[in-house]
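Reader: I am new to this structure and would be grateful for a close look at one part of it. Please take the helices and the loop beside them, and explain the terms along the way.

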Amino acid sequence: MEWPAIALEGVDKVFDSTKTGSVRALVDLDLTVERGEFISIVGPSGCGKSTILRLIAGLLPPSQGHVAIDGTPVKEPRDEIGIVFQRPTLLPWLNIRDNVLFPIRHKRGESGRRFHGEAQALLDMVGLGDFSSHMPDQLSGGMQQRAAIARALLLDPDILLMDEPFSALDALTRDEMGFELLRIWEERPKTVVFITHAIAEAVLLSDRVAIMTERPGSIRSVIEIDLPRPRTFATLSSPRFLELSNEIRAGVLHRIATAA
Ligand code: ADP
Ligand code: MG
């Protein structure tokens, strides 16, 4: 039997704090992601999307239920997972190139020399080719985020977790980065879990889109995105694209609509 790349089963997550009391972030959440799949998660803010990524990444334990990668329970962070956080998290004392090379050097214990060319190619791809010697605080928030994306891609991880990675980018750069991400994903197959607020982005990129409920979050429904690949600008104006986007919008707005 082949295990799914990622499986969350009956997951509850409660944050206990003496100051604020306990917050139930996730309740009875089930989600399975197949190897090589590109799945997006959409849902209202505060519903637990980032918490799901931190559980998969092994940065947080579940309060109840199981989280497994390739059938093995997640106990701690693993090297073969790449993460792009909501904020860029660059090291302020390293220039952009050394930030991008940092995980290779420190997780894999390599000097990183043989990755210089690839690091530069990735920086070119995200539009930062001329900024590799700059320090993070010399770049805008969006540029820093693009450097963080290059850093995750350089690892060529089996599993790539992305938490609203494009939200700090302007609309044009955002579309471009989406297509670049798809190109890389098609060239070097990997399992991608992508969190976004943008429904069109989720539909454009994904094999499936999981819609979450309000907090405490669980998966309300999962929509199969049966649009042909490769996806292009033309995809964005196809009737099926609009149909799927509307279906997901209705799913996200479900509670608001039924309350009205
Ligand atoms: P989303 O990413 O969907 O906006 P999060 O996963 O960041 O939501 O958070 C879900 C809920 O859990 C929120 O109510 C948030 O305040 C709470 N939460 C997240 N992390 C912590 C934490 N470390 N301690 C206490 N509460 C937390
Ligand atoms: Mg979040």
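Author: The account below follows the helices in turn and then the loop.

This is a predicted model, in which local features need pLDDT of at least 70 and side-chain atom pairs count only at pLDDT 80 or more, while totals for chains, interfaces and linings use all residues. Residues are numbered from 1 along each chain as its sequence is written, chains are lettered from A and ligands numbered from 1 in the order in which they are written, and side-chain values use heavy atoms, with hydrogens and water left out.

Helix α4 covers residues 141-154; helices here are DSSP runs of H or I with at least four residues, and strands are runs of E with at least two, numbered from the N terminus. Of the 14 residues of α4, 13 are buried, so this helix is largely enclosed by the rest of the structure. Buried means under 20% relative accessible area, exposed over 50%, and partly exposed in between, with a 1.4 Å probe and protein chains only. After α4 comes Asp156, whose phi is positive, near 45°.

Helix α3 (residues 116-125) has an axis that comes within 9 Å of that of α4, and the two cross at roughly 140°. That makes α3 oblique to α4. Axes are lines fitted to C-alpha atoms, for helices over the stretch in contact, and angles run from 0 to 180 degrees between N-to-C directions. Angles under 35 degrees count as roughly parallel, over 145 as roughly antiparallel, 65 to 115 as roughly perpendicular, and the rest as oblique. On the α3 side, Glu118, Ala119, Leu122, Leu123 and Met125 meet Ala150, Leu153 and Leu154 of α4, where contact means heavy atoms within 4.5 Å.

Helix α2 also belongs to this picture: its buried residues pack against α3 and α4. Those buried in α2 are Ile96, Asn99, Val100, Leu101, Pro103 and Ile104.

The loop between β6 and α2 contains Leu90. Leu90 is buried, with a relative accessible area of 12%. Setting aside neighbours within four places in sequence, Leu90 is in contact with Ile96, Asn99, Pro136, Gln144, Ala147, Ala148 and Arg151. By contrast, Gln86 is partly exposed, with a relative accessible area of 34%. Gln86 (OE1) and Ser50 (OG) coordinate the magnesium ion, ligand 2, at 2.1 to 2.6 Å. This pair links distant parts of the chain, since Ser50 lies in helix α1 (residues 49-56) and Gln86 in the loop between β6 (81-84) and α2 (96-107), 36 residues apart. Donors are N, O and S atoms within 2.8 Å of the metal (3.2 Å for Na, K and Ca), and water is not among the atoms, so sites may look incomplete.

Note on methods
Expected span 1.5 Å × (residues − 1).
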